[in-house]
Amino acid sequence: MSRLLALAAGLMLTAAPVLAQQAPMQVALTMDDLPVHGPLPPGMTRAEVAHRVLAAFKGAGVSEVYGFVNAKGLADEGDDAAQVLALWRQAGYPLGNHVYAHDDLHGHDVAAFTAAVTADEAALRHYMGDSDWHWLRFPYLHIGETPAKRREVAAFLKDHGYRVAEVTLSFNDYIYNAPYARCMAKGDQAAVARLRQSYLDRAAESLAIGRQQAQALYGRDVPHVMLLHIGGFETVMLPELLSLMKSKGVAFVPLAKAEADPIYVPNPDAPSNGTGSLLDREMTARNLPQPAHSADPSTWLDGLCR
């Protein structure tokens, strides 16, 4: 009997790493540039984009998606843009601060940047009511070029009750919106099919790279935060993206749950030029080689359907 028990114990120990590898990849989904991002295909409204994006999230059972707001879009596009934020809240999803006019910290001094953060707050109070909206997403993922600048901004955010919504997964999905609008205007469905395949390939690559970076940095996978952007092409691709993620074992989690992991504790003094995702910056700070990735498609996307 003792030999049988020993054999069973050995089998359990052998199986444990396999089970660990099959643990779900936890991902919090976030969406930037509400209520207005990029050109739209002919006939599509901002409110329609929101309807279709929200339907995709709800259809996939995603309980929370933080939408990060540039309130200048309300001034630029009026009621159509306002409906986006109203629909977001009606869906039960929260909103956070993405700075009034998508103001770039690397192009402003701290005083100008923090004033733009504050300017975004009236819209957040209006749409969020008594619910907390104190999450900030840095535009362009620019957190400050120097430790001194990062410390000054971090002190402002702490004093005003903000947490930073870091990112670990991004495949620059926004670069597909403009070519999609052009290709739809031309009726070029073959080009749209190319866009779809490129988008999905790069999304899958992003998931793989995020896991590779986490293993290289921490010896484990971590809860991830994916950056998406609202826009016309997302109305087409979100159902496929969410299906792809589920097929790869992704479990969708709230932002606060993901960012409760210790890797998200701010460190303004980490060696960095302040650009990129959290994992990209950490890889650079530790002089670790980045995982191999496909070529940037921006050039061919920019020439598509011209």
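Is Val36 buried, exposed or partly exposed? I looked it up, and Val36 is partly exposed, with a relative accessible area of 22%. The cut-offs: buried is under 20% relative accessible area, exposed is over 50%, and partly exposed lies in between (1.4 Å probe, protein chains only).

**Ground rules.** I am working on a predicted model, in which local features need pLDDT of at least 70, side-chain atom pairs count only at pLDDT 80 or more, and totals for chains, interfaces and linings use all residues. Residues are numbered from 1 along each chain as its sequence is written, and side-chain values use heavy atoms, with hydrogens and water left out.

**Val36.** I found Val36 in the loop between strand 1 and helix 2 (46-59). Helices (H or I, at least four residues) and strands (E, at least two) are DSSP runs, numbered from the N terminus. Not counting residues up to four places away in sequence, Val36 touches Arg46, Gly73, Glu77 and Ala81. Contact here means heavy atoms within 4.5 Å. I also checked Val36 against Ala258: they are 222 residues apart along the chain, and their C-alpha atoms are separated by 26 Å.

**Leu227.** Leu227 sits in strand 6. Its relative accessibility is 5%, so Leu227 counts as buried. I listed its contacts, leaving aside neighbours within four places in sequence; among them are Thr30, Asp32, Arg137 and Leu141.

**Helix 3 and helix 5.** Helix 3 (residues 72-90) and helix 5 (residues 121-128) pack at an angle of about 40°, and their axes are 11 Å apart. Axes are lines fitted to C-alpha atoms, for helices over the stretch in contact, and angles run from 0 to 180 degrees between N-to-C directions. Helix 3 brings Leu74, Ala82, Leu85, Ala86 and Arg89 to the contact, and helix 5 brings Ala123, Tyr127 and Met128. I sorted these residues by class: seven nonpolar, no polar and one charged. In this scheme Ala, Val, Leu, Ile, Met, Phe, Trp, Tyr, Cys and Pro are nonpolar, Asp, Glu, Lys and Arg are charged, and the others, Gly among them, are polar.

**Pockets.** On a 1 Å grid over the protein atoms alone, a cavity is a set of points where a 1.4 Å probe fits but cannot get out; a pocket is an open set with protein on both sides within 12 Å along at least five of seven lines; lining residues have an atom within 4 Å of a point. Grid points are joined across faces, edges and corners, and a volume is the space filled by probe spheres set on the points.

The largest pocket holds about 870 Å³. Its lining has 33 residues, with Ser170, Phe171, Asn172, Arg202 and Asp280 nearest the centre. Helix 8 gives the most to this lining, five residues. By class I count 11 nonpolar, 15 polar and seven charged.

The second largest pocket holds about 600 Å³. Of its 29 lining residues, Val164, Glu166, Val265, Pro266 and Asn267 are closest to its centre. Helix 6 supplies the largest share, six residues. This lining divides into 19 nonpolar, two polar and eight charged.

**Cavity.** I found one cavity of 30 Å³ or more. The largest cavity has about 40 Å³ of space. Its lining is Pro35, His37, Arg46, Val49, Val84, Ile230 and Gly231.
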